[in-house]
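Please brief me on this structure. Keep it short and grouped by topic.

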Amino acid sequence: MGIIEIALIGFAVYVGIMILLSERAMKWITSSSDYLVAGREISPWVNWFAVSAIGYAGTAITFGSLFSILFGFWGNLAWAIMYSIGGVFLYGLIFAPTLRL
């Protein structure tokens, strides 16, 4: 069995698990307002940290290894600081309050 077949089997298992979980979750959701209300009940701090976790995971995987290879530890640290100030901090100050309206 080649790597393509293994990847396709893994993808099929993943899709099957997602379908099963979504069918179980449908029992708790009664209307489309359940989605909208959840976004309004969280504070800007929780929203900020959630986006930070998502952003750090993505940038750490893609840019973290790239900057480590090209510039070493200090280049990677500089990228993390730039992302923290330029990306996450500005998101929390500018976009998070606007998106909660």
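Phe89 counts as partly exposed because its relative accessibility is 39%, where buried means under 20% relative accessible area, exposed over 50% and partly exposed in between (1.4 Å probe, protein chains only). This is a predicted model: local features need pLDDT of at least 70, side-chain atom pairs count only at pLDDT 80 or more, and totals for chains, interfaces and linings use all residues. Residues are numbered from 1 along each chain as its sequence is written, and side-chain values use heavy atoms, with hydrogens and water left out.

- Phe89 sits in helix H3; helices (H or I, at least four residues) and strands (E, at least two) are DSSP runs, numbered from the N terminus.
- Not counting residues up to four places away in sequence, Phe89 touches Trp48 and Ser84; contact means heavy atoms within 4.5 Å.
- Phe89 and Ser52 are 37 residues apart in sequence, and their C-alpha atoms are 9.0 Å apart in space.
- Ser52 also belongs to helix H3.
- Ser52 is buried, at a relative accessible area of 7%.

**Overall fold**

- The protein chain has three helices and zero strands.
- Its elements run α-α-α from the N terminus on.
- Of the 101 residues of the protein chain, 14% count as buried.
- Among contacts with a separation of 6 or more, 66% join residues 24 or more positions apart.
- The accessible surface of the protein chain comes to about 8000 Å², and carbon and sulfur atoms hold 78% of that surface.
- Accessible areas come from the Shrake-Rupley method with a 1.4 Å probe; for residues, only the protein chains shown count as cover.

**Core and aromatic rings**

- The largest nonpolar core has six residues: Trp48, Phe67, Trp79, Tyr83, Val88 and Tyr91.
- Such a core is a set of buried Ala, Val, Leu, Ile, Met, Phe, Trp, Tyr and Cys residues joined through side-chain atoms within 4.5 Å.
- Phe67 touches Gly72, Gly75, Asn76 and Trp79, leaving aside residues up to four places away in sequence.
- Rings of Phe, Tyr and Trp (its six-membered ring) pair if their centres lie within 6.5 Å; planes under 30 degrees apart count as stacked, over 60 as edge-to-face and the rest as tilted.
- The count comes to three aromatic pairs.
- Phe67 and Trp79 form a stacked pair, 5.1 Å centre to centre with 20 degrees between the planes.
- Phe67 and Trp79 are both buried.
- The ring centres of Phe73 and Trp74 are 4.9 Å apart and their planes lie at 75 degrees, so this pair is edge-to-face.
- Phe73 and Trp74 are both exposed.
- Ring pairs link Phe67, Phe71 and Trp79 into a cluster.

**Leu77**

- Leu77 lies in helix H3 (residues 44–99).
- Leu77 is partly exposed, with a relative accessible area of 33%.
- Gly64 is 13 residues from Leu77 in sequence and 8.6 Å away in space, C-alpha to C-alpha.

**Surface patch**

- Met1, Ile6, Ile9, Phe11, Val13, Tyr14, Val15, Ile17, Met18, Ile19 and Leu21 make a nonpolar surface patch of about 1100 Å².
- Patches are made of residues with over 30% relative accessible area and no salt bridge; like charges are joined within 9 Å, nonpolar side chains (Val, Leu, Ile, Met, Phe, Trp, Tyr) within 5 Å.
- A salt bridge is a side-chain nitrogen of Lys or Arg within 4 Å of a carboxyl oxygen of Asp or Glu.
- Val13 is found in helix H1 (residues 3–25).
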